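Here is a short report on one protein chain. Keep the sequence and the 3D view open while reading.

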Amino acid sequence: MTEVTTPIAGQLFTTIDHVGVAVPDLDAAVAYYRDVLGMRETHREVNEEQGVAEAMMAVGDSGVCVQLLAPLDETSTIAKFIGRSGPGLQQIAYRVQDLDEVCATLRRRGARLLYDEPKRGTANSRVNFIHPKSAGGVLVELVEPAAGH
């Protein structure tokens, strides 16, 4: 990941962190993004709490990634998404410096968040989501990277 810069006063987000893509087969998707699109895998993990296996694919040296998300079982949110909408774009994630402050600001501004308290995300980041009904139909993830990322 790239260095996080201080946002301009009033801005909540520092950059686009990643774009999430729901896929039925993680290994096949990683191979396509690597071999056809020329992206480099920078991280892979299983997040039991979120019900996904995931891989982060770097978009050049920009610090922005495509996050490939495969369901661990048919009950996961990603499995339900794929069942409803098919594989494809699932979310956009913005990087923040202080997730608690950003969540409080968004709530004051009327945004509906999925979680009362942030959850653990990729590479021990802290995450929350703006509900699509509160964000023009788009699932928006808020990511506060773990220290050192």
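## Ground rules and confidence

Strands are DSSP runs of E, at least two residues long, numbered from the N terminus. Two strands count as paired if DSSP finds at least two bridges between them.

The model is predicted. Its protein chain averages a pLDDT of 92, and 93% of the residues score at least 70. Residues 1–7 fall below 50. That stretch still has 19 contacts in the model beyond near neighbours in sequence.

## The sheet

The sheet is open and built from 8 strands. Their order is β2-β3-β4-β1-β5-β8-β7-β6, with mixed pairing.

Strands β5 (residues 88–95) and β8 (residues 140–144) run parallel, joined by 4 bridges. Here R95 stands opposite V143 of β8.

## Helices on the sheet

Two helices are described here. Helix α1 (residues 26–35) packs on the sheet and touches β1 (15–22), β2, β3 (52–58) and β4 (65–71). The direction of α1 makes about 5° with that of β3. Helix α2 (residues 77–85) also packs on the sheet, touching β1, β3, β4 and β5. The direction of α2 makes about 90° with that of β4.

## The two sides of α1

Which residues of α1 are buried? They are L26, A29, V30 and Y33. These residues cover an arc of only 100° around the axis, so they lie on the same side of α1. They pack against β1, β2, β3 and β4.

The face turned away from that buried side carries the exposed residues D27 and D35. At the start of α1, a side-chain oxygen of D25 comes to within 3.1 Å of the backbone nitrogen of D27.

Strands β6 and β7 run antiparallel and are joined by 2 bridges. R120 stands opposite R126 in β7. The hairpin of β6 and β7 has 5 residues between the strands. Within this hairpin, A123 takes a positive phi near 55°.

Strand β7 also pairs with β8, in the antiparallel sense, over 5 bridges. N128 has L142 of β8 as its bridge partner. Is β7 (residues 126–130) largely enclosed or open? Of its 5 residues, 4 are buried, so β7 is largely enclosed by the rest of the structure.

## Two buried loop residues

S76 sits in the loop between β4 and α2. Buried means under 20% relative accessible area. S76 has 5%, so it is buried. Its side chain reaches the backbone oxygen of G51 at 3.4 Å. Leaving aside residues up to four places away in sequence, S76 touches G51 and P71.

A111 lies in the loop between α3 (99–108) and β6. A111 is buried too, because its relative accessible area is 18%. Which residues does A111 touch, not counting those up to four places away in sequence? They are L106, I130 and S134. A111 and S134 are 23 residues apart along the chain, yet their C-alpha atoms are separated by 5.6 Å.

How values were computed. Residues numbered from 1 in each chain as written. Predicted model: local features only at pLDDT ≥ 70, side-chain atom pairs only at ≥ 80, totals over all residues. Heavy atoms only, no water. Contact = heavy atoms within 4.5 Å. Axes fitted to C-alpha atoms, helices over the stretch in contact; angles between N-to-C directions. Buried < 20%, exposed > 50% of the residue type's maximum accessible area, 1.4 Å probe, protein only. pLDDT = per-residue confidence, 0-100. Polar contact = N/O pair within 3.5 Å; in protein donor to acceptor, adjacent residues only side chain to side chain. Arc of directions from axis to C-beta.
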